[in-house]
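Please keep the sequence and the structure in view while reading.

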Amino acid sequence: MKRIVFIICGIAGLAAIIAIIFFVSKFGFGPASTISNWGAVGDFFGGVLNPTFALLSLILIAYTLMQNKKALEQSEKAIQQGTEAIEQNERALQVSNDELALTRNELANSATALEEQAKLLAVQSFETTFFNMLELHNKLINQFIYIHENSHERISRKLNIDSYSAGTVMKVEPGIKSINRLLMAIENANNKIVSNKSIILTFSMFYIYENKEFGRYFRNLYQILKLIKNSFPDIGIQKKYSNILRAQLSNQELSLLILNCLCPHVDNGEFRKLVIHFELLEHLDITYKLGDNYIATFTINNPTLNLTSNEIDQYFSTDTSGKLIKSAFGRNSQIMDYCKFKNLVDQ
């Protein structure tokens, strides 16, 4: 642009110089002598230079317009390129958003899979512990031995009785047979008491001297129940595993359990609450009778063990109106008859 301006200015200057040289060579130097001569000089230079300068101005204007047109075209091209770049960026951004959405979905799926895997591992860990404790439960039962002579004298003295028997079988065998002998000894000792025949008081004496034999068994059983309840918030899943445990318990074990959880030396009732929660005594072989003066009595069979209604009532959970919420005996028909008699459930 500057070069064109210099050229045009040079041409204009050259035209002016040529006009002056031509005038001087023809008319010489010196001022004009009349006004008309001055006018003729002006007309000469105006007539010669004005068209030249006008042409050069027109050329400069045309060139300027052409340059502006080119600049405008370049600007439009730049704008178009900018627009295309923006559109490409938008497409790239959309692709990035789609990829980000896919990544989020993959992460969510991964998180769900990890959560499911964690739950599965937790269940597997629980079941490993649970079945190991069940195996220990069976070992403790098989190792339990009750030897009548070991504590007979001390318990008799504490209960103020002469003696008590543990059945007619003299051979000492471990396991369920020993639990059976222990229960027979407890019932026989309780029958020998002249007054205050509380089976729980009698059991408490046996607990003091024989707990070293069956205490480990009940502590393990308590921990199994706690493990089930603390591992799963869903009562349905809790029942699934507690039913597996309940299926392992013999009538003798349930009979000893019902006494153990009422013993004041055991705990503050936490064990009994778990027994109620899991309805662990539902399959207990028990008979309910309504005697004279409407006094309810209960007899556990195999072996025989007599309980009072007060002892049975401690295995019920009731609401403020006295209605039954849950029973450790579940749907046991004999206990349900008793609950109907006591108006704990609707007839």
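A nonpolar core is here a set of buried Ala, Val, Leu, Ile, Met, Phe, Trp, Tyr and Cys residues that are joined through side-chain atoms within 4.5 Å, and a residue is called buried when its relative accessible area is under 20%. The model is a predicted one, and the largest nonpolar core found in it has 74 residues, with Leu257, Ile258, Leu259, Ile312 and Tyr315 having the most contacts inside it. The largest share of this core comes from helix α5 (residues 199-231), which supplies 15 residues.

For the chain as a whole, the secondary structure comes to 10 helices and five strands. Of the 347 residues in the protein chain, 34% are buried. Among the contacts with a separation of 6 or more, 67% are made by residues 24 or more positions apart.

When its neighbours within four places in sequence are left aside, Leu259 is in contact with Leu183, Ile186, Ile199, Ile200, Phe203, Leu305 and Leu307. One of these partners, Phe203, also belongs to a cluster in which ring pairs link it with Phe144, Tyr207, Phe214, Tyr217, Phe218, Tyr222 and Phe271.

Aromatic pairs number 21 in the structure. In one of them, the ring centres of Tyr315 and Phe329 lie 6.1 Å apart with their planes at 70°, and because an angle over 60 degrees counts as edge-to-face, the pair is assigned to that class. This pair links distant parts of the chain, since Tyr315 is in the loop between α9 (309-313) and β4 (316-318), whereas Phe329 is in the loop between β5 (324-327) and α10 (333-341), 14 residues apart. Tyr315, with a relative accessibility of 0%, counts as buried, and Phe329 is buried as well, its relative accessible area being 0%. Phe329 also forms an edge-to-face pair with Phe316, for which the centre-to-centre distance is 6.3 Å and the angle between the planes is 70°. Here, too, distant parts of the chain are linked, with Phe316 in strand β4 and Phe329 in the loop between β5 and α10, 13 residues apart. Phe316 and Phe329 are both buried.

Two packed helices are described by the angle between their axes and by the distance between the axes. On this basis, α5 and helix α6 (residues 235-248) pack at an angle of about 160°, with their axes 9 Å apart. Angles over 145 degrees count as roughly antiparallel, and α5 is therefore roughly antiparallel to α6. The crossing in which α5 passes α6 is right-handed. On the α5 side the residues that meet α6 are Leu221, Ile224, Leu225, Ile228 and Lys229, and on the α6 side they are Gln238, Tyr241, Ser242 and Leu245.

How do the axes of α5 and helix α8 (residues 270-277) lie, and at what angle do these helices pack? Their axes are 10 Å apart and the angle is about 55°, so that α5 and α8 are oblique to each other. This crossing is left-handed. The residues of α5 that take part are Phe218, Leu221, Tyr222, Leu225, Lys226 and Lys229, which meet Glu270, Phe271, Leu274 and His277 in α8. Among these residues, Phe218, Tyr222 and Phe271 also belong to the aromatic cluster described above.

Turning to the backbone, the peptide bond from Asn302 to Pro303 is cis, with omega near -5°. Pro303 is found in the loop between β2 (296-300) and β3 (305-308), and Asn302 lies in the loop between β2 and β3. Asn302 has a phi near 60°, which is a positive value in a residue other than glycine, and with a relative accessible area of 49% it is partly exposed. Asn343, in the segment after α10, likewise has a phi near 60°, and at 48% relative accessibility Asn343 counts as partly exposed.

Strand β5 contains Ile325, which is exposed, with a relative accessible area of 54%. Not counting residues up to four places away in sequence, Ile325 touches Ser317, Thr318 and Asp319. The C-alpha atoms of Ile325 and Val345, which are 20 residues apart along the chain, are separated by 9.0 Å.

How values were computed
Residues are numbered from 1 along each chain as its sequence is written. This is a predicted model: local features need pLDDT of at least 70, side-chain atom pairs count only at pLDDT 80 or more; totals for chains, interfaces and linings use all residues. Side-chain values use heavy atoms; hydrogens and water are left out. Buried means under 20% relative accessible area, exposed over 50%, partly exposed in between (1.4 Å probe, protein chains only). Helices (H or I, at least four residues) and strands (E, at least two) are DSSP runs, numbered from the N terminus. Contact means heavy atoms within 4.5 Å. Rings of Phe, Tyr and Trp (its six-membered ring) pair if their centres lie within 6.5 Å; planes under 30 degrees apart count as stacked, over 60 as edge-to-face and the rest as tilted. Axes are lines fitted to C-alpha atoms, for helices over the stretch in contact, and angles run from 0 to 180 degrees between N-to-C directions. Angles under 35 degrees count as roughly parallel, over 145 as roughly antiparallel, 65 to 115 as roughly perpendicular and the rest as oblique. A crossing is left-handed if the near helix is turned anticlockwise from the far one by less than a right angle, and right-handed if clockwise.
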